[in-house]
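Have the structure open as you read.

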Amino acid sequence: MRLFDLRLIIAFLFGLYGVVLVVVGLGFTTDEDLEKAEGVNINLWAGIAMAVLAALFAAWAVLRPQFADTDKQPLKEL
């Protein structure tokens, strides 16, 4: 597994934003905000969805790592 695999970077960013939204949804949502969103705590649900997506991206990167095939000969110039 490579540290700078794009899937891990995406997972980190989605996870970070997801955690921020969960914290905002749990601790800083007012009744007025809920009324605007028709009773749905959208920050909480979006944060949970982003955290789940981050876990899926991280699992994908760990379970299916990408490696360069070094056994092949380089292409010859024309």
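A salt bridge here means a side-chain nitrogen of Lys or Arg within 4 Å of a carboxyl oxygen of Asp or Glu. Search the whole structure with that rule and you get one. The side chains of Asp5 and Arg7 form it, at 2.7 Å from N to O.

Before going on, some housekeeping. This is a predicted model, in which local features need pLDDT of at least 70 and side-chain atom pairs count only at pLDDT 80 or more, while totals for chains, interfaces and linings use all residues. Residues are numbered from 1 along each chain as its sequence is written, and side-chain values use heavy atoms, with hydrogens and water left out. As for pLDDT, that is the predictor's confidence in each residue, from 0 to 100. The protein chain has a mean of 91, and 96% of its residues reach 70 or more. Among the helices (DSSP runs of H or I with at least four residues, numbered from the N terminus), confidence is lowest in H2, residues 31-36, at a mean of 95, and highest in H1, at 97.

Leaving out residues up to four places away in sequence, Arg7 touches Phe57, Trp60, Ala61, Arg64, Pro65 and Gln66, where contact means heavy atoms within 4.5 Å.

Arg7 sits in H1, so that helix is the next stop. H1 covers residues 6-27 and reaches 32 Å from its first C-alpha to its last, close to the 32 Å expected; the expected span is 1.5 Å times one less than the number of residues. Its buried residues are Arg7, Ala11, Gly15, Gly18 and Gly25. They cover an arc of only 100° around the axis, which puts them on the same side of H1; the arc is taken over the directions from the helix axis to the C-beta atoms. Leu6, Phe12 and Gly27 are exposed on the other side.

What do the buried residues of H1 pack against? The partner is helix H3, residues 42-63. In H3, Leu44, Gly47, Ala54, Phe57 and Ala61 are buried. These fall within an arc of 150° seen down the axis, so they line one face of H3, and they pack against H1 in return. On the other side of H3, Ile42, Trp45, Leu56 and Leu63 are exposed.

Definitions and conventions: Helices (H or I, at least four residues) and strands (E, at least two) are DSSP runs, numbered from the N terminus. Buried means under 20% relative accessible area, exposed over 50%, partly exposed in between (1.4 Å probe, protein chains only).
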